Amino acid sequence: MSTVLAAFLDAYGEALRRHIADPEGDGLAVGHELGRRALVEGISLLDLTEHHFRVAKQVQAEAGETAGPQDAGTENSLAENALEFLLQTLITLDVATRGYLDGTRRYEQQRSRADDLAGRDEFRTALVESLQDGFFVADARGTIIEVNKAFGELTGYGAAGVPYPLPHPWSIPEGPRYPDLGTEASRFVVPVQHRDGRRRWIAVSTSALVKPDGEEHIFVGTVRDVTAEHDAQARDQAANRLATALAAATTVAEVLEVGLDELRRTVGAETAVVAVWAGLTPPEVYISGNPPAAAADSRLEPATEAILKRARVRPGRTLIAVPEGAGSAQGIVAPLGEKSDAALWLRFAVPRVVDAADWTLFSLLIGHLSLAVQRARNFDQARSTSLTLQRAMLGPIELPPRFSVHYEPALPPLEIGGDWYDVVPLPDGTIGVVVGDCVGRGLSAAVVMGQLRTAARALLLRGAGPAQLLTELDPVAARIPGALCTTVCAAVLDPVRGLVRYSNAGHMPPILADVDKTGRMLEGGRSVPLATFEIPRRPEATTPLPPGSTLVLFTDGLVERRGEDIDEGFTKIATILADTAEKLPRQVADSVLSALRPEGGYDDDIAMVVYRQPPAPLRLDVPARPDRLAMLRRTLTAWLSSAAVPHNLTSDLVAATNEACSNSIEHAYRNGGGDAERVVLTAECVGDRVVIETTDTGTWRPRPADPGPRGRGIDMMRALTEELEIDHHLGPGTRVRMSVTLPAITFPVASALRGTGNRSGGDTMQRDRETHGRL
């Protein structure tokens, strides 16, 4: 027995004896303290209980030796007191025992819970690793602290490298910034760069959580590879942009001008080049971006042309990398169209790897461009056929001098409508003019117009005058469906006699303006429209054409406006003509159209003919002084404009005349010109010719054999005119006679810019010819 146990048992025995002897004392308190002492000193419960019963038995035995039979109650009291002391001692031990059992139970519960959590963690880890989408956990600062295997495969950065602070190693510096997690967006799509250098697009979805301590947010999310979907969407968007850009293009030149720019920007190429071959001539080249190296004659470099020439004979939709078989491509070449006569070259700024997605995109876009080129070619062919037929229906493209016409249909893309004009030079030197307007618009009205125009031209060439023409046109119109109520104004101009005969079948009256005077309407010869009533003979009127006057014939689309009095349109035309005496007929037409054009454009067909009667002959008699040359040039220029001489021919005639007058001033008068010495300039129109004469009364100086750097005036005059006559034998002085023939005026039948402030003129036709020449 240990000393501690022995000492405890002795103390316990003494305390038990005292309590039994005096139950009313503090024995129970002592017993309770002994119980705490037993718990502290680790006294065995068995030792304590055994010792208790021994001491209690001894005390009971000692009490039995002194007590008699009548003291049985005393023995029971001793036993109860001893038991009470023992229980008081065991209270502390009992509490400790029950606490131990409770702790053990709680421990078992916690251990079970820990085992369960460990199993859950293993299950969570297995579940996260089994996800096909990438999984990540980020702290409040955006640092990635946990990723799964799929995340590593997607980005190239796996769990071994965590944490990944901002900026994340897979982010693209020039790419879009990540939205702030949990604030700007919980779902977004961004580009990333894989560890191996490939670029991918990922869709990110995040959720915010709060840690158990409630003091910090974390974010969990998934990432999914959407590169294929993004590329497909990008291809569709690129194709839609290209298709939209090409939708309004109707010629090959427009298709390539618009399409090459859009194609180059979409694929990130530095240059886009298309070469189109036509026969054995060098190819027509279209370039977008920085042009490739060119040869000395501004053609494509031979190596580039050879690449495109080989590509154009490849099957359609064939794409070839340049150079072929290399790891990275400097560009892409492909045939264009269906005729094996065109090829496309896309040149990159630096060589690049072309992957499957690039090939798909290139094939899609080049296919769209190729179809657009073919569509434009088909449209051009159909348009050319349509224009040929329509122009044949409308009237002459080449007009006599001093005429201008304007024609504008109300329904594009038709080049013709129900209105028409015709200008017919007649064998006797007169000129027939017809302007008409069929009821209705569009193709049906154009068909009627074509028949009436042809009949009217035939009647003019047969010698019919204006009234006879309309009279004989009545039964023709009555037999043409849709020709009822057609209005026509027919006129025959006599430039030599200065007269105009006209007859009007319900049409707008012509307007005639003398030089610097307000125009007036010619309201004679009026009758009803065609095919309305039987008229034995239609009336006719004759009006003088003053020298330099301007005559305008037009259809009602020029002056009719909803909500406006038609007389306002007549007044505007008449006022405008008062200030156009020195303008060319084309400029007169432009002035009228500009002044009368509504804000929304014309909503009815328009046909207009402008004619300028030759002006009165010009005669200038001036002193032979150099300071009078500027006045001579100005006056002659104004007269030539009033005679409807084109500007380029006017410049030639003025230069030639200035040289003739300068020769008279400088050489004819040996002592210098003065007020007594004169130079006479005359100019007149003789039919379609303009004749200019200069005369002086000075002395003729023969031309030296070697005139030196000067003395080239006669050569210049001969080069600038058609005929040059110099006469210095008939009396004193010299007469220089120069003449030119006014060219026919070339006009398109319709303006290429209908309804947008368009203008009709030779320059427009030239642009049309240049455009079609490129196709």
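**An open sheet, a pocket and a cavity**

In this predicted model, strands β21 (residues 550-554) and β22 (residues 606-612) run antiparallel and are joined by 5 bridges. Strands here are DSSP runs of E with at least two residues, helices are runs of H or I with at least four, and both are numbered from the N terminus; two strands pair if DSSP finds at least two bridges between them. Within this pair, L551 sits opposite Y611 of β22. The two strands belong to an open sheet of 5 strands, with the order β12-β22-β21-β17-β18 and antiparallel pairing. At the edges are β12 (403-408) and β18 (520-521), each of which pairs on one side only. Helix α13 (residues 585-596) packs on this sheet and touches β12, β21 and β22, a contact being heavy atoms within 4.5 Å. The direction of α13 makes about 140 degrees with that of β22 (axes are lines fitted to C-alpha atoms, for helices over the stretch in contact, with angles from 0 to 180 degrees between N-to-C directions).

Residue numbers start from 1 along each chain as its sequence is written, and side-chain values use heavy atoms, leaving out hydrogens and water. As the model is predicted, local features need pLDDT of at least 70 and side-chain atom pairs count only at pLDDT 80 or more, while totals for chains, interfaces and linings use all residues.

Zooming out, the protein chain has 17 helices and 28 strands. Of its 775 residues, 45% are buried, meaning under 20% relative accessible area (1.4 Å probe, protein chains only).

Next come the open spaces. On a 1 Å grid over the protein atoms alone, a pocket is an open set of points with protein on both sides within 12 Å along at least five of seven lines, a cavity is a set where a 1.4 Å probe fits but cannot get out, and lining residues have an atom within 4 Å of a point. The second largest pocket holds about 770 Å³ of space, a volume being the space filled by probe spheres set on grid points joined across faces, edges and corners. Its lining has 25 residues, with R199, W201, D231, D355 and D358 nearest the centre. Elements giving two or more residues to this lining are β4 (199-210), α6 (227-247), α7 (252-267) and α9 (356-394), and α6 provides the largest share, 8 residues.

As for cavities, the structure holds 1 of 30 Å³ or more. The largest cavity has a volume of about 50 Å³, and its lining includes L629, R633 and N658. Two or more lining residues come from each of α14 (629-642) and α15 (647-668).

Note on methods. Buried means under 20% relative accessible area, exposed over 50%, partly exposed in between (1.4 Å probe, protein chains only).
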